[in-house]
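I opened this model today and jotted down what I looked up.

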Amino acid sequence: MFAAFSALSVRGRGAARLAASTLVSGLVAASVVAGAGTAAADGAAWSQGGATATIGGLKTYGGAVVHADSGDQEISAGLFEMSVDGGGMLQTYCVDIHNPTQRDARYHETPWSGTSLGANKDAGKIRWILQNSYPQVNDLAALAGKAGVKGGLTEQDAAAGTQVAIWRYSDGADVDAVDPQAEQLADYLERSARGVGEPEASLRLDPPAVSGHPGERLGPVTVHTDADGVTLTPPADAATSGVRIVDKDGRAVTSAADGGQVFFEVPENAAAGQAELTVQASTTVPVGRAFAAESRSQTQILAGSSESTVSATASASWAKTGAIPALSAAENCDKGGVDITAANEGTEAFTFELLGIEHSIAAGESRTVTVPLQEDQAYDFTIQGPGGFEKRFTGVLDCMTQMGEAEAAGALTQTLAEPSPATVGTATDDTNLAATGSSAMTPLITGIAIGLVVIGGAALIVVRKKQLPTQD
């Protein structure tokens with residue numbers, strides 16, 4: 001669900017080799033071999049941009065029953081809460097009924113294309129439900145009136161009914177709310193839903209990686225945000241490297257607005273190297289944004305947001321001669337893998353190998369290739385370089401929600417008596433948050449390892465390709 005891997009390295013002469021090995025058991029370490037230089041290493045998984053949050057628990061919920069050939073199972077259904085890094089709170093519903101939720105799992109704001117929503121023709125209907133039900137509509141009397149609920153709605157009814165309606169579209173689940181009022185709301189929402197387009201990211205940078213030569217302004221990097229403005233934090237070593245963040249006229253800038261373009265200005269005498277720009281803002285995250293976990297934890301979709309901190313990064317790399325690639329990656333659920341885009345702003349071809357196939361990007365050209373991954377495979381590797389550089393990246397390709405009846409029956413073990421989150425893989429855990437996850441016995445499939453060996457040097461940053469669902 002969240003593809004998180006990246007490598008920043010300096011530029012050298014000649015070709016670079018990007019080798020990928022897959023389907024190996026366990027979690028592995030990979031390394032980057034490059035020229036001199038340093039890069040930030042925070043050990044955290046990289047995200048495209050937007051809000052990063054930690055899931056808390058199921059806060060407002062009711063009961064639901066999932067019907068299967070093997071029998072009916074009663075589960076909990078409702079709203080989760082997440083705490084945002086840097087400040088803010090989110091409310092979310094699940095769009096991944098058969099997967100587990102891990103206690104304190106970390107989530108990143110994610111385009112629909114990086115989740116099962118990307119290939120779901122009804123994803124737009126889910127967003128309509130979010131916009132027209134609780135908590136966006138917090139006048140429960142009015143909501144009950146629209147749904148024709150005679151006895152009125154409690155918050156628990158509203159949350160359960162909304163979640164049930166979402167599951168019918170996100171997972172194709174045969175599920176009903178236990179409470180008659182909640183069930184009536186679910187039926188109304190399912191019946192009334194219309195396709196609505198995917199919301200824009202709260203914050204993203206395009207492109208997330210640029211390259212060029214010393215003495216140039218590398219970019220532009222365009223800011224896309226719904227915030228009033230963003231704060232720009234220059235590279236950590238800007239004082240010594242001389243790299244500045246500037247506008248198109250070469251004026252140093254520390255802030256920007258939506259649509260603003262900024263550049264990395266690199267001194268003419270700079271040695272081959274790289275730098276990173278951090279952008280931050282405070283805004284409400286748009287309803288309908290997907291949130292994918294760094295680990296195997298059920299996908300969420302945003303139902304409400306307080307004023308929250310959002311951030312994004314962009315990198316730049318440069319060299320005087322040779323191949324100067326800028327690499328970005330986008331998880332692509334339609335293709336079942338990760339799209340890697342290589343752009344070469346150098347004077348020589350950039351050559352790399354993926355899964356035994358050699359690719360050559362001529363100077364001034366760009367190309368995208370896909371690294372195939374298996375569904376539900378976890379990967380965890382560390383990229384190392386000279387000067388103590390080290391950065392760890394983890395992720396799980398989680399693009400599907402459907403499973404067989406027998407598997408689904410074994411997965412749905414949550415009961416109303418245990419609505420709090422349970423950690424996957426703990427022997428004592430036999431229930432999961434919101435009844436949307438498989439049991440603690442559900443295996444966390446690991447084993448995908450992507451090795452990155454860079455001779456010439458490259459910048460690999462994960463972004464996600466945006467894709468609108470088919471609308472009715």
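**Thr 222 and its surroundings**

Leaving aside neighbours within four places in sequence, I found Thr 222 in contact with Arg 204, Leu 205, Asp 206, Gly 259, Gly 260 and Gln 261; contact means heavy atoms within 4.5 Å. This is a predicted model, so I kept its rules in mind: local features need pLDDT of at least 70, side-chain atom pairs count only at pLDDT 80 or more, and totals for chains, interfaces and linings use all residues. Residues are numbered from 1 along each chain as its sequence is written, and side-chain values use heavy atoms, with hydrogens and water left out.

Next I checked where Thr 222 sits: it is part of strand 9 (residues 217–225), strands being DSSP runs of E with at least two residues, numbered from the N terminus. Is Thr 222 buried or exposed? Thr 222 is buried, at a relative accessible area of 14% (buried is under 20%, exposed over 50%, partly exposed in between, with a 1.4 Å probe and protein chains only).

I also noted a polar contact of 3.3 Å between the side chains of Thr 222 and Gln 261. The term covers a pair of N or O atoms within 3.5 Å; within protein, one must be able to donate a hydrogen and the other to accept it, and residues adjacent in sequence count only if both atoms are side-chain atoms.

Then I traced an open sheet of 5 strands, in the order 8-17-14-10-12 with mixed pairing (two strands pair if DSSP finds at least two bridges between them). Strand 14 (residues 273–283) and strand 17 (residues 308–318) run antiparallel over 11 bridges. I looked up Gln 280 too: its bridge partner in strand 17 is Ser 311.

How values were computed:
Helices (H or I, at least four residues) and strands (E, at least two) are DSSP runs, numbered from the N terminus.
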